Amino acid sequence: MELTVLNNNVQLKPKEYRSTIEPTWCPGCGDFAVTAAICNAFSSLGVNPDNAVLVSGIGCSSRLPLWMRSFGFHSCHGRAVPVAVGMKLSRPELLIAITIGDGDAYSIGGGHLPHAARRNIDLTLIVMDNQIYALTKKQVSPTSREGMKGSLTPFGTLDSPMNPLTLMLTYGATFVAQAFAGNPKVTGDIIKQAIEHKGFSFINIISPCPTFNTIDTFEYYRPRIYSIEDLHADKTDRINAYELAESSLDHTKNPEAKVPVGVFYKVDKPTYDSKVAVLKVKYKGTDTPDLKAIYNRFRA
Ligand SMILES: Cc1ncc(C[n+]2csc(CCOP(=O)(O)OP(=O)(O)O)c2C)c(N)n1
Ligand code: SF4
C-alpha cells in the first residue's frame with residue numbers, strides 16, 4: 001500500500017497548519033524556522049492535516065507537534081522512532097514524520113535508527129540538530145564538537161562528534177539529506193522531497209540554540225553553508241554522497257572548511273509497509289483486528 005495523503009490536495013496556506021498554541025521556544029531558536037519549513041512543505045504538497053501525524057520524543061525540539069494543527073504524539077525521550085514505526089505499520093495510509101533533537105535521535109534513541117533505516121519504513125525523520133541537550137540546560141550531545149564546555153563537562157568534552165549523515169548512509173536509509181534552519185525555503189523544499197520519497201527519509205537540520213550553544217550559531221554557520229545540488233546531481237551515487245557527507249564535520253577542525261547542505265542520497269527500494277500489505281493480502285489478514293480475540297489470548 002502506498003501513501004495516499006498526498007492526493008488530498010486540501011490547499012491550505014502554510015500558516016493554516018499552525019495550531020493556536022504559541023511556541024514557548026526562546027527568541028532566536030532555530031526550531032521556529034524548522035516549523036515554518038514543515039508548514040511550507042505541507043502546504044505545497046496539499047497535505048490534509050487530519051491525515052498527518054508528527055511524532056516527537058522529549059526535548060525543546062520535541063515540542064514542535066504542539067504548535068501544529070496535524071495530529072501529534074509526544075512520546076518518551078528516545079522512543080519516537082519505534083512509536084512512529086508502530087503507527088505506520090497499523091495505519092500505512094497516514095503521513096508520519098518524526099520531529100526530534102540530536103540527543104534524542106543519536107544518543108538515547110540511537111539504537112532504533114539502524115533498524116528503521118534498513119527496513120525502509122516509509123517515515124520522515126527530521127532531526128533538529130543544535131549540537132547540545134537544550135531542554136536539560138547544556139549537556140554535550142553526540143554531535144557537540146570536541147572541546148565543547150557543557151554543564152557536566154566544564155573543562156570541555158573529550159569526545160569527538162559523530163557524523164549522522166555517514167551513519168544513515170551506512171545504515172541503508174534511502175533518502176539522506178542535510179539542511180540549515182537559516183534557510184527555511186531550501187529546508188522546506190528538502191522536507192517536501194523527503195515526504196514525497198517512498199521509504200525511510202532522513203534530514204539532519206542544523207538548528208542553532210542561541211541560549212545554550214553560543215559557538216554553533218546562525219552567524220557561525222551562515223558563511224560556511226554551501227549547496228551540494230550543482231556538484232552532486234546523481235543522487236544514487238553512494239560513494240560521492242559518502243565523501244560529501246564525510247566532509248560535513250571538517251569545519252570543527254579547519255575554520256576554512258564549508259558545510260554541505262542538500263540531498264546526498266536518494267534511491268528507490270520496496271518499503272517495509274508495502275511488503276506487510278502484500279503479506280496481509282496473501283494470508284488473508286485484515287486491517288480491522290478483532291481486539292476482543294487479542295485480549296482473550298492474553299487472559300490468564
Ligand atoms: C529516559 C529519559 N532520560 C533522560 C531524560 C531527560 N531529558 C529530557 S530532554 C533531554 C535532552 C534533550 O536534548 P535533545 O534531544 O538534543 O533536544 P533539544 O532539547 O536540544 O531540542 C534529556 C536528557 C528524559 N526525559 N527521559
Ligand atoms: S533552549 Fe535552545 S533549543 Fe531550547 S527553546 Fe531555547 S533556543 Fe531553542
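Start by selecting Gln 131, which lies in the loop between strand E4 (124-129) and helix H5 (164-171); helices (H or I, at least four residues) and strands (E, at least two) are DSSP runs, numbered from the N terminus. The model you are viewing is predicted, so local features need pLDDT of at least 70 and side-chain atom pairs count only at pLDDT 80 or more, while totals for chains, interfaces and linings use all residues. Residues are numbered from 1 along each chain as its sequence is written, chains are lettered from A and ligands numbered from 1 in the order in which they are written, and side-chain values use heavy atoms, with hydrogens and water left out.

Gln 131 has a phi near 60°, a positive value in a residue other than glycine. Most residues other than glycine have a negative phi. Gln 131 is buried because its relative accessible area is 6%; buried means under 20%, exposed over 50%, and partly exposed in between (1.4 Å probe, protein chains only).

Next, select Lys 138, in the loop between E4 and H5. Lys 138 is not a glycine, yet its phi is positive, about 80°. At 28% relative accessibility, Lys 138 is partly exposed.

Now show ligand 2. Around ligand 2 are Trp 25, Cys 26, Cys 29, Cys 60, Asn 130, Ala 134, Cys 209, Pro 210, Thr 211 and Phe 212, each with a heavy atom within 4 Å of it. This shell divides into eight nonpolar residues, two polar and no charged; Ala, Val, Leu, Ile, Met, Phe, Trp, Tyr, Cys and Pro count as nonpolar, Asp, Glu, Lys and Arg as charged, and the others, Gly among them, as polar.

Stay with the cysteines. Cys 29 is buried, with a relative accessible area of 14%, and Cys 209 is buried at 9%. The structure holds zero disulfides, a disulfide being a pair of cysteine sulfur atoms within 2.5 Å.

Move to Thr 99 in strand E3 (residues 95-101). Thr 99 counts as buried, at 0% relative accessibility. Ser 247 is buried, with a relative accessible area of 18%. Neighbours within four places in sequence aside, Ser 247 is in contact with Tyr 226, Lys 258 and Pro 260. A C-alpha to C-alpha line from Ser 247 to Asp 189 spans 23 Å, and the two are 58 residues apart in sequence.

Technical notes:
Contact = heavy atoms within 4.5 Å.
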